[in-house]
Amino acid sequence: YVPRYGGEYVTASWYGEKFHGRPTASGERYDMYGLTAAHKTMKFGTKLRVTNPDTDQSVEVTVTDRGPFIRGRDLDLSFGAAKEIGHLEKGVGKVWIEYLGRDMKYVKRVPFLSPGISGVLTVQVGSFADQENANRLKQGLDINYGNVHITTVQLEGKKFYRVRVGKFNSRDSAYSTAEKLADEGYNTIITSRN
């Protein structure tokens, strides 16, 4: 999804302290004072100019996360970005967004698929010690992908929650999904589904 040429109005909210320091869907840690945003479908690294029509103040943000997960909202600004344009008090409201391009450092590569992997495959997108972080990533992936699931594994006495996408019978179909996810900005590993 890319905003229309020239820009468009969307409904924006903001998120802050509750998520500060937690991993975003792109894998970066959320910095509530940074100039970032969450969107349901824009590729990570998408750069936007966001203008508050009430104050005429603008800020440039980079999409690094998925959300907002509340119906009727299109963009979730970081606390810092919302503060820059005087959107904190309002909380939720219309903003004007303009597409400024994409920071290509967010595009990931699919790692080499080791020959030993066979059988039914899946694409792993994240592994977390904190189940809430795994649930948030799954929620973001559910928007665009089917068959998103969380598996658990015990490693050295610690439980990890692995977020995985799909069930593939061929290496090609697993690779094709992994490539799409990597282009969007997710870290991927193709692995056996066990």
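**Figure 1. Accessible surface and charges of the protein chain.** In this predicted model, the accessible surface of the protein chain comes to about 10,000 Å², and 49% of that surface belongs to carbon and sulfur atoms. The chain carries 28 positive and 22 negative side chains, and the centres of these two sets lie 7 Å apart. Of its 194 residues, 48% count as buried.

**Figure 2. Overall dimensions and order of elements.** The C-alpha trace of the protein chain spans about 60 × 40 × 25 Å along its principal axes. The radius of gyration of the protein chain is 18 Å, which agrees with the value near 16 Å that a compact globule of 194 residues would have. Three helices and 10 strands make up the elements of the chain, and from the N terminus on they run β-β-β-β-β-α-β-β-α-β-β-α-β. Among contacts between residues at least 6 apart in sequence, 74% join residues at least 24 apart.

Figure 3. Strand β7 covers residues 121–128 and includes V125. Because its relative accessibility is 10%, and buried means under 20%, V125 counts as buried. When neighbours within four places in sequence are left aside, V125 is in contact with L137, L141, V163, V165, L181, Y186 and N187.

**Figure 4. V125 and G34.** This view pairs V125 of strand β7 with G34, a residue that stands 91 residues apart from V125 along the chain. The C-alpha atoms of V125 and G34 are separated by 24 Å.

Notes. Residues are numbered from 1 along each chain as its sequence is written. This is a predicted model: local features need pLDDT of at least 70, side-chain atom pairs count only at pLDDT 80 or more; totals for chains, interfaces and linings use all residues. Side-chain values use heavy atoms; hydrogens and water are left out. Helices (H or I, at least four residues) and strands (E, at least two) are DSSP runs, numbered from the N terminus. The radius of gyration is taken over C-alpha atoms; the globule rule is 2.2 Å times the number of residues to the power 0.38. Buried means under 20% relative accessible area, exposed over 50%, partly exposed in between (1.4 Å probe, protein chains only). Contact means heavy atoms within 4.5 Å. Accessible areas come from the Shrake-Rupley method with a 1.4 Å probe; for residues, only the protein chains shown count as cover. Lys and Arg count as positive and Asp and Glu as negative; His and the chain ends are not counted. The place of a charge is taken as NZ of Lys, CZ of Arg, CG of Asp or CD of Glu.
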